[in-house]
Amino acid sequence: MQKMVTKMNLLKRKIKFDEISEDSIFFWGARQTGKSTILKELFPNVPYYDLLKSEVFSKYNLKPSLLREECLMLDEGDIVIIDEVQKIPALLNEVHWLIVNKDIHFILCGSSARKLKRVGANLLGGRAIRKVMFPLVSAEIPNFDIDKAINYGTLPRHYLVNNPIKRLQAYIGDYLQQEIISEALVRNLDSFTRFLEVASLCDSEIVNYAKIATDCGISAKTVKEYFSILEETLIGQFIPAYTKVVKRQVKIAPKFYFFDIGIVNFLLNKTPIKRKTAEYGHGFEHIIIQEITAYLNYNNSMKKLSFWHTQNNLYEVDAIIGDAEVAIEIKSTEEVNSSHLKGLKAFSEEYPNCRLMVVSLDEKPRLMNNVEIWSVNIFFQKLWNNKIIEP
């Protein structure tokens, strides 16, 4: 355990909290992404309220006003951290008062805001900005191993050990127990568990609610509710379609990605995953989409990530960044050829000023028919050095 803690402390996470000098922050992230670790590392000397500790929870749950009384002893502009803030929604009234009247800056940390929204908690009326923590990205991992990431995901506790299967099993169990059962988010746990398995089969695919409903034996309305639970508990995200139409009609339904490919692989019992398989190609795409998502979020970018898919299913581009600024096709091949460029070429006919690229397992970068071919590790380096797109 001590070795694991040491490894996690050596990781240099990319997320920044520069805004805390002027604003308070809601800091969300799925369990075990490393939220508490980075807060303790970056803010070792600020008041820290950990509501996971039973004695701390009991104290402030019984009398939330204690928080205000204690913070009145602080100076204007001081920082206070409340971890697992969703456990005591009433504290947010005290936080609101302290922000307005004392100019205390809060970092309010938790696994999701869903419970706060359900109970009508005070969400501070725009007085706190939102930040999200993602699993590890390549730039945070010394000697990043793409094959290991594709097999087991990049949650710190999973990536940093040799065989994380038992931890992945425990993670799913903890999620069902702590997020789903304890919050009574679903009436039928068996149907939700079945939905998780079917949804994992649809990871990185365009969402078809009716088909998933048929496979799960539930209504399409229930499927939408279940996807909403995954999204609001930060277990997954929708990537929208790029829907501007110039010539070709395009699909408008979104794609869905679980927040970590290791979770998908465990639900489908897929590991070990070898190169040159369909499963590897799926994981390769997932990791790259996850990396781009984290990059845009950590850099507070206003550019959106989307995908492009024509209505006739002839052409698709895996990632569009911004307003057709960069188009990226993701191929887990060791040698990109002209057949891999069809989607990009079709997209460029409609958006001729777009920068075109393929991310692959090619050994060296090259330029082919005005399309940049990047090996995945070089692409990641350039991404985090702002050479793919400016935030």
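In this predicted model, D50 stands opposite D83 in β3, a strand here being a DSSP E run of at least two residues, numbered from the N terminus. The model is a prediction, so to speak, with local features needing pLDDT of at least 70 and side-chain atom pairs counting only at pLDDT 80 or more, while totals for chains, interfaces and linings use all residues. Residues are numbered from 1 along each chain as its sequence is written, and side-chain values use heavy atoms, with hydrogens and water left out. Below: the sheet, its helices, then the salt bridges.

**The sheet**
- Strand β2 runs parallel to β3 (residues 79-83), and 3 bridges join the two.
- These belong to an open sheet of 5 strands, ordered β2-β3-β4-β1-β5 with parallel pairing; two strands pair if DSSP finds at least two bridges between them.
- At the edges sit β2 (48-50) and β5 (128-133), each pairing on one side only.
- On average, neighbouring strands of this sheet are turned by 15° against each other, direction ignored; axes are lines fitted to C-alpha atoms, for helices over the stretch in contact, and angles run from 0 to 180 degrees between N-to-C directions.

**Helices on the sheet**
- Helix α2 (residues 35-42) packs on the sheet and touches β1 (24-29), β2, β3, β4 (105-110) and β5; contact means heavy atoms within 4.5 Å, and a helix is a DSSP run of H or I with at least four residues.
- The direction of α2 makes about 145° with that of β1.
- Helix α5 (residues 91-102) also packs on the sheet, touching β1, β3 and β4, and its direction makes about 155° with that of β4.

**Salt bridges**
- There are 17 salt bridges in the structure, each a side-chain nitrogen of Lys or Arg within 4 Å of a carboxyl oxygen of Asp or Glu.
- One of them pairs D215 with K211, with the closest N and O atoms 3.1 Å apart.
- Both D215 and K211 sit in helix α11 (residues 209-216), 4 residues apart, about one turn of the helix.
- K255 bridges to E285, the closest N and O atoms being 3.7 Å apart.
- That pair links distant parts of the chain, 30 residues apart: K255 is in strand β7 (residues 255-258) and E285 in helix α14 (residues 278-298).
- K255 and E285 are both buried, meaning under 20% relative accessible area, with exposed over 50% and partly exposed in between (1.4 Å probe, protein chains only).
- D362 and R366 form a salt bridge too, with the closest N and O atoms 2.8 Å apart.
- D362 counts as buried at 5% relative accessibility, whereas R366 is partly exposed, at 30% relative accessible area.
- R248, E349 and E350 are linked in a network of salt bridges.
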